[in-house]
Amino acid sequence: MVGITPQRKRLDRAIDLIQALLAIYPDAKLYIKGHRPEQYEWMHAPGRIKELEYYNEQYQRINDNPELQNAVIFDGFGNDMSKWYQKIDFILSPSDFESFHYALADGVASGCLPVVWNWDEASVLYDSSWIVNNENQALEKIKSYLNIDNIDEIRNKNRNLIIQRYGYQKIFKQIQGIIYE
């Protein structure tokens, strides 16, 4: 998972999912890349107190559960995304809302398998086969990915979808069309 701030990114859903996965796959890990909410100055504004409480509740869930303590890894912010994605099998988008979700496209382009909660326009921007409606469907999606014999074909198909829809050649042509109209 890349980015857990603001709250609508739904860290709680990702934790629910890893907890369910651990019952089946005891070695499962949830890697979280990016700044933690308390590291952002704006998250300490008076209007964000309840939101920080939400994060503290999620941290407490992790700290109170030895399995989660070993399974949830905060990798922190860094400009090493291509290297980071090399250890990631699934890219999660458990958000309530996204405008585009660049990390999802990045992850898929890097070979990660997408699990996307059904936020508005998710199926317009991305393949509807990536979409889930709840934790149980997310768990089943991951289990199905793990049981596919042609997983490299799926990764390539997904990567090609990102390139066809959002690759620089297509986007640059669109920008040039707008500029030179």
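This is a predicted model: local features need pLDDT of at least 70, side-chain atom pairs count only at pLDDT 80 or more; totals for chains, interfaces and linings use all residues.
Which residue caps the N-terminal end of α7?

1. **The start and length of α7.** The N-terminal end of α7 is capped by N134, which places a side-chain oxygen 3.1 Å from the backbone nitrogen of N136. The helix itself runs over residues 135-146, and because twelve residues at 1.5 Å a residue should span 16 Å, the 17 Å between its end C-alpha atoms agrees with expectation.

2. **The buried side of α7.** Within this helix the buried residues are A138, L139, K141, I142 and Y145. They cover an arc of only 160° around the axis, and therefore they sit on the same side of α7.

3. **The three-stranded sheet.** The strands β3, β4 and β5 form, in that order, an open sheet with parallel pairing. Since β3 and β5 stand at the edges and have a single partner strand each, one side of each is left without a neighbour in the sheet. The parallel strands β3 and β4 are joined by four bridges; in β4, L113 stands opposite F90, and V115 is the bridge partner of L92. Although β3 is an edge strand, both of its faces are covered, with F90 and L92 buried on one side and I91 and S93 buried on the other.

4. **The nonpolar core.** The largest nonpolar core has 53 residues, and those with the most contacts inside it are L17, I18, L30, V115, Y126 and W130. Helix α1 supplies the largest share of this core, namely eight residues. Y126, leaving aside residues up to four places away in sequence, touches F100, H101, L104, A105, W119, I162, R165 and Y166.

5. Beyond residues up to four places away in sequence, N158 touches V108, L113, P114 and W130.

6. **D75 and its partners.** D75 belongs to strand β2 (residues 72-76), and with a relative accessible area of 27% it is partly exposed. Which side chains make polar contacts with that of D75? One is the side chain of W84, at 2.6 Å, and another is the side chain of K87, at 2.9 Å. Apart from residues up to four places away in sequence, D75 touches Y31, I32, K33, W84 and K87. D75 and I32 are separated by 43 residues in sequence, yet their C-alpha atoms are 5.8 Å apart in space.

7. **Backbone geometry to inspect.** In the segment before α1, where P6 lies, the peptide bond from T5 to P6 is cis, with omega near 5°. R10, also placed in the segment before α1, has a positive phi of about 65° although it is not a glycine. H101 likewise is not a glycine and has a positive phi, of about 70°; this residue lies in the loop between β3 and α5 (102-109) and is buried, with a relative accessible area of 7%.

8. **Helix α9.** The twelve residues of α9 (residues 168-179) reach 16 Å from the first C-alpha to the last, close to the 16 Å expected at 1.5 Å a residue. This helix is hardly covered, for the count of buried residues among its twelve residues is zero, whereas α7 has buried residues that include L139 and I142.

How values were computed. Residues are numbered from 1 along each chain as its sequence is written. Side-chain values use heavy atoms; hydrogens and water are left out. Helices (H or I, at least four residues) and strands (E, at least two) are DSSP runs, numbered from the N terminus. The expected span of a helix is 1.5 Å times one less than its number of residues. Buried means under 20% relative accessible area, exposed over 50%, partly exposed in between (1.4 Å probe, protein chains only). The arc is that of the directions from the helix axis to the C-beta atoms. A polar contact is a pair of N or O atoms within 3.5 Å; within protein, one must be able to donate a hydrogen and the other to accept it, and residues adjacent in sequence count only if both atoms are side-chain atoms. Contact means heavy atoms within 4.5 Å. Two strands pair if DSSP finds at least two bridges between them. A nonpolar core is a set of buried Ala, Val, Leu, Ile, Met, Phe, Trp, Tyr and Cys residues joined through side-chain atoms within 4.5 Å.
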